[in-house]
Amino acid sequence: MVKQKRVRSPRFSVPNNEQVLVAVGTEKFRGTLQLLSLTGGAVRLDKRFAPGTLGDIALNTVSGNVTAAIELLQMANPRAQAFRFLAIGPVARERLEDALSKMRAQGLGVAKTPLDQIRSLARSVLSRGSRK
C-alpha cells in the first residue's frame, strides 16, 4: 500500500474586509473573512462557536457568489474562527477556485511559518532516509 503525502491547501489572506454571512440554525451573523482556501478558512465574528458547530456561509468573490455548508472549528487566533467546507456545489466550487487563482496572482498567499518550514524539511529528510 502506497502512503499518500498529505498536502495542506494553500491559504490566502483576504483583503478589503470582505463581508460574509454565516447562518447557524435560524440565526444569521455578519462577519469579516480573514483567510480562505479550497478547504475552508477563517472568519471574524462577534460570537464564538464551539468547535463542531454546523452552519452555512455566503460570501461574494470577484468570481461570483459562493455558498457552502461549513463546520466551525477551533479559534484560528484570538480574533478569528476557523471553518472547513463540508459541502459546496460545483458552480460555487468553480467560483471559489477562480477567486483563489486570482488571489494567488495578486500575491495574497500566506507564507509558511518557520515551524512549518522546519517540519517540511524534516519530513523530506526522513522520507529520503526510509527509501534507502
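Q: Why does Glu 71 count as buried in this predicted model?
A: Its relative accessibility is 17%. Buried means under 20%. The value falls below that cut-off, so Glu 71 is called buried.

Q: What makes the pair Arg 84 and Glu 71 a salt bridge?
A: The side chains meet at 2.6 Å, N to O. The limit is 4 Å, between a side-chain nitrogen of Lys or Arg and a carboxyl oxygen of Asp or Glu. The pair is within that limit, so the term applies. Arg 84 sits in strand 7 and Glu 71 in strand 6, 13 residues apart, and the pair links distant parts of the chain.

Q: Why is Arg 84 called partly exposed?
A: Its relative accessible area is 39%. Buried needs under 20% and exposed needs over 50%. Arg 84 lies in between, so it is partly exposed.

Q: How do you know that Glu 97 and Arg 93 form a salt bridge?
A: Their side chains meet at 3.6 Å, N to O. The cut-off is 4 Å, so the pair qualifies. Both belong to helix 1; because they are four residues apart there, about one helical turn separates them. Glu 97 has 39% relative accessibility and counts as partly exposed. Arg 93, at 30%, is partly exposed too.

Q: What makes Lys 102 and Asp 98 a salt bridge?
A: The closest N and O atoms are 3.1 Å apart. That is within 4 Å, so the pair counts. These residues are also four apart in helix 1, which means a separation of about one helical turn. Lys 102 is partly exposed at 38%, and Asp 98 is partly exposed at 32%. The structure holds three salt bridges.

Q: Why does Ser 9 count as buried?
A: Its relative accessibility is 14%. The cut-off is under 20%, so Ser 9 is buried. Ser 9 lies in the segment before strand 1. Beyond its neighbours within four places in sequence, Ser 9 is in contact with Ser 37, Leu 38 and Thr 39. The C-alpha atoms of Ser 9 and Ser 37 are separated by 6.3 Å, although the two are 28 residues apart along the chain.

Q: Which residues touch the most other members of the largest nonpolar core?
A: They are Leu 36, Ile 57, Phe 83 and Phe 85, out of 24 residues. Elements giving two or more residues to this core include strand 3, strand 5, strand 7 and helix 1. Not counting residues up to four places away in sequence, Phe 85 touches Leu 36, Ile 57 and Leu 96, among others.

Notes
Residues are numbered from 1 along each chain as its sequence is written. This is a predicted model: local features need pLDDT of at least 70, side-chain atom pairs count only at pLDDT 80 or more; totals for chains, interfaces and linings use all residues. Side-chain values use heavy atoms; hydrogens and water are left out. Buried means under 20% relative accessible area, exposed over 50%, partly exposed in between (1.4 Å probe, protein chains only). Contact means heavy atoms within 4.5 Å. A nonpolar core is a set of buried Ala, Val, Leu, Ile, Met, Phe, Trp, Tyr and Cys residues joined through side-chain atoms within 4.5 Å.
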